[in-house]
Amino acid sequence: MERWREREDEDSLFRQLRLTVRQGLEIDAGTPVSAWEALTGVGAWEFALPIGMDGLDLGQAVIAMVCEEGGNAMQPVPLTDTFLALDLMSGLGPLAPEGLDGLLDRVRDGAHPVAVPGRLPDPRGAVPPGVTWKPDGDDGGVVLTGSGGPFAAGVEPGSLLVLASGPDGPCVALVDPRAPGVELRALRDHGGGAVSGAFLDGARIPAESVVLRGLAAEQALARAGLRAAVHQASLLAGITAAALTAVVSRIRSRRQFGQALVKHQGPRLRVAGLLARLDAVRWAVGDAARDLDENRLGPGDAAGLIALTAETALDVTRDAVHLHGASGLVRDGLVAGCYRRAAWEALRCGRPTQLWDIAAHTA
């Protein structure tokens, strides 16, 4: 086991849980569908649910660990998207629409993946641009127009969790991907796994599928945005670890001038620097997850975390391609897949420059 895939401060129970998740993904997850089944089999969706909803409520540090291991497995499943949906739906209480009855059970059983087209809410809970909504009559329904993407599409989503902006603030709606006015289009994945975008042309969403809107949506997204930033940062750390695993294997097996490439000072020092950056990010993500559990993480800190992690993922995966030489450009190679997936996953909470600005001006 490579050293950067373990943390010395993890207690024995946490390590065993990490090992269980990792083994499920490594042994059973040869395809995105089997990865999803492996996550369901270890109870990942119950980890996120409160005890009052028959969940395990294991805390955000555990959810972050699952996201990291999911990123390291490099299977294109809507992992952070589904955790965001669970976060929002489990916090509804008496606000829950009747149409959501039984949905949590279907998600828990792995039968209902939820995908978020395009960007997640930023650490302040702001809804990304792209989709707008307007009221549809007096029954509480809405009409959605716009587009969002990309999102991981290795498993078919049971619902799209659409974040929209409108005249009365944000709106969160669960949309049937087969509904009239909704179209999913496969995007070119370039080796990073199945990815799609969603296009909505006046899609009429009934009131029972509108999860939140207005002030209630603003408040819920402000809380969920912090968690989404930590989850996405964890996923990016896992993708970065996958790229570095491939690099270490490459320089150990590649020979140049009669000896393994790892024996040459130049590549060895370069890889050591990349591993140090990954270690720093993983420590920052773990600390942020614990702060989140203790209600000490603010929007500025979360924005700085996801900006740091996004920049690290982009830099490290790019250098990993260079260290592989021409083989790093092979479309079906792991390191090329990591680079191409990081290119869009790193932007899902906002561009790093925008996030650094939030971190600098938000307490």
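Modeller: Helices (H or I, at least four residues) and strands (E, at least two) are DSSP runs, numbered from the N terminus. By that count, the protein has 11 helices and 10 strands. This is a predicted model, in which local features need pLDDT of at least 70 and side-chain atom pairs count only at pLDDT 80 or more, while totals for chains, interfaces and linings use all residues. Residues are numbered from 1 along each chain as its sequence is written, and side-chain values use heavy atoms, with hydrogens and water left out.

Biologist: What pLDDT does the protein average?

Modeller: The average is 88, and 89% of the residues score at least 70, where pLDDT is the predictor's confidence in each residue, from 0 to 100.

Biologist: And which elements have the lowest and the highest mean pLDDT?

Modeller: Strand E10 (residues 259-260) has the lowest, at 56, whereas strand E1 (residues 114-115) has the highest, at 97.

Biologist: Switching topic, how much of the protein is buried?

Modeller: Of its 363 residues, 54% count as buried, meaning under 20% relative accessible area with a 1.4 Å probe, protein chains only.

Biologist: Which strands pair with E7?

Modeller: Two strands pair if DSSP finds at least two bridges between them. Strand E3 (residues 141-152) pairs with strand E7 (residues 195-205) in the antiparallel sense over 8 bridges, and Leu-144 stands opposite Ala-203 in E7. Strand E6 (residues 182-187) also runs antiparallel to E7, joined to that strand by 6 bridges, with Leu-184 opposite Ala-198 in E7.

How values were computed. Buried means under 20% relative accessible area, exposed over 50%, partly exposed in between (1.4 Å probe, protein chains only).
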